[in-house]
Structures are given as structure tokens and as C-alpha cells.
Amino acid sequence: AIYILDTCAQVQVDDCVDCTIVIAPCSGPVYLRDCTRCVVHVAARQIRLRDVTDSTIRHCVPQCEALILETSTALRIGRWAVDF
């Protein structure tokens, strides 16, 4: 599991497989690329997914346009569900 619980300006996550990832809060974008079978909890101004497969994304973004999906498949997307 990967936990980033301090305030960040930007986060980039690449090439994770079978991971649980918690990122919060991020004042800028979070980039998830080439990840497979992950459970991701993320609170950010913008979330960009590219080539993410068979993963669950639990998010908190200020508007629905801030969740950007690019060439990703088999995603389960829902609301933020983490207390810390």
C-alpha cells in the first residue's frame, strides 16, 4: 500500500500493479499511468488516468470535468471514502 497524506502540489504514479494507493489532499493534478488492478483513493484538483486497467478509483474532485480518462479500461469509479 502507498499512502501520501501530506499536502502536495502534484503527484505522479506510474506502473503500479495490485496496489492500494491513498493520495490526499493534492492542490494540483494527480497523474496515474500504466497501472493495473489497483484500488486508488484520491482527492485532488484534477485526476488524469492514462492506460489504467481493471482498477477502482474512489475520487474527490471539485467538478466532474476534473476527472480525465485517457485510453483506460475496466474501471470502477466512485466517491471518496477515506477518513484520516
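Predicted model: local features only at pLDDT ≥ 70, side-chain atom pairs only at ≥ 80, totals over all residues.
**Exercise 1.** How many salt bridges does a search of the whole structure find, and which residue forms one with Arg 37?

*Solution.* Start with the total: the search turns up 5 salt bridges. Next, pick out Arg 37, whose partner is Asp 18, with 2.8 Å between the closest N and O atoms. Now place the two residues. Arg 37 sits in the loop between β3 (20-33) and β4 (39-50), while Asp 18 is in the loop between β2 (11-14) and β3, so this pair ties together parts 19 residues apart in sequence.

**Exercise 2.** Which residue does Arg 50 pair with in a salt bridge, and how far apart are the closest N and O atoms?

*Solution.* First, find the partner: that's Asp 51, and the closest N and O atoms are 3.6 Å apart. Then test that distance against the cut-off of within 4 Å, and the pair counts. Finally, look at accessibility: Arg 50 has 32% and is partly exposed, and Asp 51 is partly exposed with a relative accessible area of 32%.

**Exercise 3.** Which strands hold Asp 54 and Arg 76, and what does their pairing tie together?

*Solution.* Begin with the contact: the side chains of Asp 54 and Arg 76 form a salt bridge at 3.3 Å, N to O. Asp 54 belongs to strand β5 (residues 53-60) and Arg 76 to strand β7 (residues 73-79), so the pair ties together parts 22 residues apart in sequence. To finish, check exposure: partly exposed covers the range between under 20% (buried) and over 50% (exposed). Asp 54 at 34% relative accessibility is partly exposed, and Arg 76 at 40% is partly exposed too.

Note on methods: Residues numbered from 1 in each chain as written. Heavy atoms only, no water. Helix = DSSP H or I, 4+ residues; strand = E, 2+ residues; numbered from the N terminus. Buried < 20%, exposed > 50% of the residue type's maximum accessible area, 1.4 Å probe, protein only.
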